[in-house]
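Please read this note with the sequence and the model open side by side. The points go from the helices to the loops, and then to pairs of residues.

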Amino acid sequence: VLWAWISALSTESMEMIKMEPPVMNVLYVELHDGMKGLNRIHHFLNTQLPFPYVHMIVLVAYCFIYLFAFSAGIRAGLSFRKNLYFETVSEIVLVFTLPIMYQGLLQICVYVSDPFGADIIDFPMLEYQMTVSGSCEE
């Protein structure tokens, strides 16, 4: 609806100032590109990532976390037995930090999947609408 309104307003304005058709064609091309871009955004937002694919990624991440924790526990135990305390502490630190980082990456994927939502990292749609409204009023 917005693009049709912009197209109608632009056509009326160009007809008022008696602009030549070749110049008007450039505007129609830009309007058409804008509509195609908007359709593409809607297509990306409405096309969901296949659910089994998402489950597979999460499963692989959790399997890695559990296997890493198991192997780090074994390495920490062996290094503690050999009185290598620095290696023991470094393994324990890795066991606590790496899973948190993977969980953070999975959470970032959730936030980034919908850039037009209400999360803090999404596009500021209200400001964009206010800017477009202010530009149209001028």
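**Notes on the helices, loops and residue pairs**

1. Glu91 is buried, its relative accessible area being 13%, where buried means under 20% relative accessible area, exposed means over 50%, and partly exposed is in between, with a 1.4 Å probe and protein chains only. This is a predicted model, in which local features need pLDDT of at least 70 and side-chain atom pairs count only at pLDDT 80 or more, while totals for chains, interfaces and linings use all residues. Residues are numbered from 1 along each chain as its sequence is written, and side-chain values use heavy atoms, with hydrogens and water left out.

2. Which residue forms a salt bridge with Glu91? The partner is Arg75, and the closest N and O atoms of the two are 3.1 Å apart; a salt bridge here is a side-chain nitrogen of Lys or Arg within 4 Å of a carboxyl oxygen of Asp or Glu. Helices are DSSP runs of H or I with at least four residues, numbered from the N terminus. Arg75 is partly exposed, with a relative accessible area of 36%, whereas Glu91 is buried. By this rule the count of salt bridges comes to one.

3. Helix H1 (residues 2-16) and helix H2 (residues 21-46) pack with their axes 11 Å apart and at an angle of about 175°, where axes are lines fitted to C-alpha atoms, for helices over the stretch in contact, and angles run from 0 to 180 degrees between N-to-C directions. H1 is therefore roughly antiparallel to H2, a term that applies to angles over 145 degrees. On the H1 side the contact (heavy atoms within 4.5 Å) is made by residues including Trp3, Ile6 and Met14, and on the H2 side by residues including Leu27, Tyr28, Gly34 and Leu38.

4. Two loop residues deserve a look at their backbone. Most residues other than glycine have a negative phi. Lys18, although it is not a glycine, has a positive phi of about 55°; Lys18 is found in the loop between H1 and H2 and counts as exposed at 69% relative accessibility. Asn83, which is also not a glycine, has a positive phi of about 60°, and Asn83 lies in the loop between H3 and H4.

5. Which residues make the nonpolar surface patch of about 460 Å²? Leu105, Ile108, Val110, Tyr111 and Val112 do, and of these Ile108 has its place in helix H4 and is partly exposed, with a relative accessible area of 47%. Patches are made of residues with over 30% relative accessible area and no salt bridge, like charges being joined within 9 Å and nonpolar side chains (Val, Leu, Ile, Met, Phe, Trp, Tyr) within 5 Å. Accessible areas come from the Shrake-Rupley method with a 1.4 Å probe.

6. Ser71, in helix H3, is 24 residues from Val95 in sequence and 9.6 Å from it in space, C-alpha to C-alpha. Gly73, also in helix H3, is partly exposed at a relative accessible area of 40%, and its C-alpha atom is separated by 55 Å from that of Gly34, 39 residues apart along the chain. Leu84 has its place in the loop between H3 and H4, and the C-alpha atoms of Leu84 and Asp33, 51 residues apart along the chain, are separated by 64 Å.

Note on methods: Angles under 35 degrees count as roughly parallel, over 145 as roughly antiparallel, 65 to 115 as roughly perpendicular and the rest as oblique.
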